[in-house]
Amino acid sequence: MFTSKEERKEMQQRLFRGDKSRIATACGVSRASVSHWFAGKFNSPKIETAVKVMLVENKKRRRAMQSRLQKLLR
């Protein structure tokens, strides 16, 4: 599993505030390690997997928020 620096940047833009800390906690690493991974300074399959899981969860959260917003606007 190798994610290019451009892909990492795009992934980072799709994260919610605080997600880097949650990823760090899930992986048992520091937040700085997660930031370094996003910067392309090193590869970590553990961090990469956690980021991908977080993005899937965020997609579900965005859909739920959009659904609630649509209900409020009706």
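Before we look at the model, one term: a nonpolar patch is made of residues with over 30% relative accessible area and no salt bridge, whose nonpolar side chains are joined within 5 Å. With that in mind, and remembering that what you see is a predicted model, you can find such a patch on the surface, formed by Leu69, Leu72 and Leu73, with about 360 Å² of accessible area together. Leucine 72, one of these three, lies in helix α4, which runs over residues 45–73, and because its relative accessible area is 71%, and exposed means over 50%, leucine 72 is exposed.

Let me now step back to the whole chain. The protein has 4 helices and 0 strands, so that is to say, reading from the N terminus on, the order of elements is α-α-α-α. Its C-alpha atoms fill a box of roughly 50 × 25 × 15 Å, taken along the principal axes. The accessible surface comes to about 5400 Å², and 55% of this belongs to carbon and sulfur atoms. Of the 74 residues in the protein, 30% are buried. With 29 residues, α4 reaches 42 Å from its first C-alpha to its last, which is close to the 42 Å expected at 1.5 Å a residue. Which of its residues are buried? In α4 they are Ile47, Glu48, Ala50, Val51, Met54, Leu55 and Asn58, and the buried residues of this helix pack against α1, α2 and α3.

The largest nonpolar core has 13 residues, and the members that touch the most others are Ile23, Phe38, Ile47 and Val51. Helices α2, α3, which spans residues 31–39, and α4 each supply at least two residues of this core, while α4 gives the most, with 5 residues.

Next, the charged pairs. How many salt bridges does the structure hold? There are 4 of them, and I will walk you through some. Arginine 14 forms a salt bridge with glutamate 10, with 2.4 Å between the closest N and O atoms. Arginine 14 has a relative accessibility of 36% and therefore counts as partly exposed, and glutamate 10, with a relative accessible area of 38%, is likewise partly exposed.

A second salt bridge is formed by arginine 22 and aspartate 19, whose closest N and O atoms are 2.8 Å apart. Both residues lie in helix α2, residues 19–27, and they are 3 residues apart, about one turn of the helix. Is aspartate 19 buried or exposed? At 0% relative accessibility, aspartate 19 counts as buried, because buried means under 20%. Arginine 22, by contrast, is partly exposed, with a relative accessible area of 39%.

Aspartate 19 also forms a salt bridge with arginine 61, and here the closest N and O atoms are 4.0 Å apart. This pair links distant parts of the chain, since aspartate 19 is in helix α2 and arginine 61 is in helix α4, 42 residues apart. Arginine 61 counts as partly exposed, at 38% relative accessibility. Through the partners that these salt bridges share, Asp19, Arg22 and Arg61 are joined into one network.

Lysine 5 is found in helix α1, residues 5–13, and because its relative accessibility is 54%, where exposed means over 50%, lysine 5 counts as exposed. Lysine 5 and alanine 39 are 34 residues apart in sequence, and in space they are 6.8 Å apart, C-alpha to C-alpha.

To gather the main points of this predicted model: you have 4 helices and 0 strands, a largest nonpolar core of 13 residues to which α4 gives the most, a network of salt bridges joining Asp19, Arg22 and Arg61, and a nonpolar patch on the surface formed by Leu69, Leu72 and Leu73.

Key. Residues are numbered from 1 along each chain as its sequence is written. This is a predicted model: local features need pLDDT of at least 70, side-chain atom pairs count only at pLDDT 80 or more; totals for chains, interfaces and linings use all residues. Side-chain values use heavy atoms; hydrogens and water are left out. Buried means under 20% relative accessible area, exposed over 50%, partly exposed in between (1.4 Å probe, protein chains only). Patches are made of residues with over 30% relative accessible area and no salt bridge: like charges are joined within 9 Å, nonpolar side chains (Val, Leu, Ile, Met, Phe, Trp, Tyr) within 5 Å. Accessible areas come from the Shrake-Rupley method with a 1.4 Å probe; for residues, only the protein chains shown count as cover. A salt bridge is a side-chain nitrogen of Lys or Arg within 4 Å of a carboxyl oxygen of Asp or Glu. A nonpolar core is a set of buried Ala, Val, Leu, Ile, Met, Phe, Trp, Tyr and Cys residues joined through side-chain atoms within 4.5 Å. The expected span of a helix is 1.5 Å times one less than its number of residues. Contact means heavy atoms within 4.5 Å.
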